[in-house]
Amino acid sequence: MNEMTTGDAPNVKIARRAADRLRDGHVWVYRSDLADAEQMLPFGGLVHVLSEKGRFLGSALASSASQIALRMISIHAISEGEMLSELLRQRVRNAIAYRRRFAADSDAYRLVFSDADGLPGLIVDRYADVLTMQALTQAMDRADLRAVVIETLQSELGIENIVERADTQSKMREREQLPAIESRQICGDKSETVFRMNGLAFAFDALGGQKTGAFLDQRQNYAAAEKYARGRALDICTYQGGFALHLARVCAAVAAVDVSRAALEVADQNARRNQPQLRCEIEWLQANAFDALRDWSDSGEKYDTIVLDPPAFAKTRRKSEEALKGYKELNLRALKMLASGGVLVTCSCSHHVAEADFLLMLLAAANDAKRRLRILERRTQAVDHPVLLGVPETQYLKCIIALVE
């Protein structure tokens, strides 16, 4: 297709390297890849993307501020107004259909996962009868597009309660020059609920907690860890008890550590809620993970199962080397504490730490601890957080389950 001029969507030419990246399946165009560095992009508006030679490449949502200048939404020419609105409605419907097919065993899951669902900058999670929503780009924060998303969610799901969350991803809003927000109820009047995951019940407060509430991306990893766990178990960075509760259904003793007293209080409530299913009482310990593991490994404590699920250590690529040092310290201590035949479940949610580097770190920790590891499973985020081939940024969670000898 030759160079186009359309009434309501400006044309934006991009460099060859960016065009090649789009053809390879990526959906982002960086500001440095714009052919005209001085071109003003519409605030959250629709644009048509052209190669340097004027070949039409697709339609994108623009940002006037972010280094990610364009996020592709279609290989076709889309116009503002009803055509764009109908595209978003269908993308939300498609996202819901995907979860109904692949996450039907839970009433809590990520309902919309940004670019992986063709809705760049939009995050929606379901917790039983409460939805949480984050609009992290200029386009998804537009009043007209927000209204389309909310109306479609409510009509398709029959859920009235929606809370807009402000959390650690608010830095994305800063990069988009969007105003800071507080978590708030935007529809309905209910923000607290109880949801079920792998047969366990968890409390959820949409106006509290971190991230968007519980760690839904670990749902299938919780079940996998339970399958291999045995004996005396330790859960490090337990937050609200996700791994610990699953371990307590099969282990003889479980201790769970987190630095947040508030998180541990919720975890204890979750344990009491599920008491009939648990084989043992869980010991909740407030402590820094590094300090606790150092003390226990130095004193010769032994466990049969250890879970390491720390927060992201690398928020940027520059921090990846430092992050790997932190991961090695945790894993080295844990490996020294595991009995022969024990199971290590070790996780990283840092996108900037590649799985290959994570595995090399784990090998180095095992060598230093003079332990041998057999990998039982190499896992990633739950299926409701889909990975879009060609967009490596959609894959971030690593979960390695290994037998320690």
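Within helix α10, the residues Phe358, Leu359, Met361, Leu362, Ala365, Ala366 and Ala369 are buried, where buried denotes under 20% relative accessible area, exposed over 50%, and partly exposed the range in between (1.4 Å probe, protein chains only). They cover an arc of only 155° around the axis, which places them on the same side of α10; the arc is that of the directions from the helix axis to the C-beta atoms. An α-helix has 3.6 residues a turn, so residues three or four places apart point the same way.

The model is predicted, and local features need pLDDT of at least 70, side-chain atom pairs count only at pLDDT 80 or more, and totals for chains, interfaces and linings use all residues. Residues are numbered from 1 along each chain as its sequence is written, and side-chain values use heavy atoms, with hydrogens and water left out.

Helices (H or I, at least four residues) and strands (E, at least two) are DSSP runs, numbered from the N terminus. The exposed residues Ala356 and Leu360 are carried on the face of α10 turned away from its buried side. The buried residues pack against α9 (320–337), β17 (338–348), β18 (373–379) and β19 (398–404), contact meaning heavy atoms within 4.5 Å. Lys370, with a positive phi near 60°, follows α10.

The largest nonpolar core has 41 residues, of which Phe195, Val254, Ile282, Trp284 and Val345 touch the most other members. Such a core is a set of buried Ala, Val, Leu, Ile, Met, Phe, Trp, Tyr and Cys residues joined through side-chain atoms within 4.5 Å. Helix α6 (residues 242–248) gives the most to this core, with five residues. Apart from it lies another core, of 32 residues, including Ile73 and Leu153.
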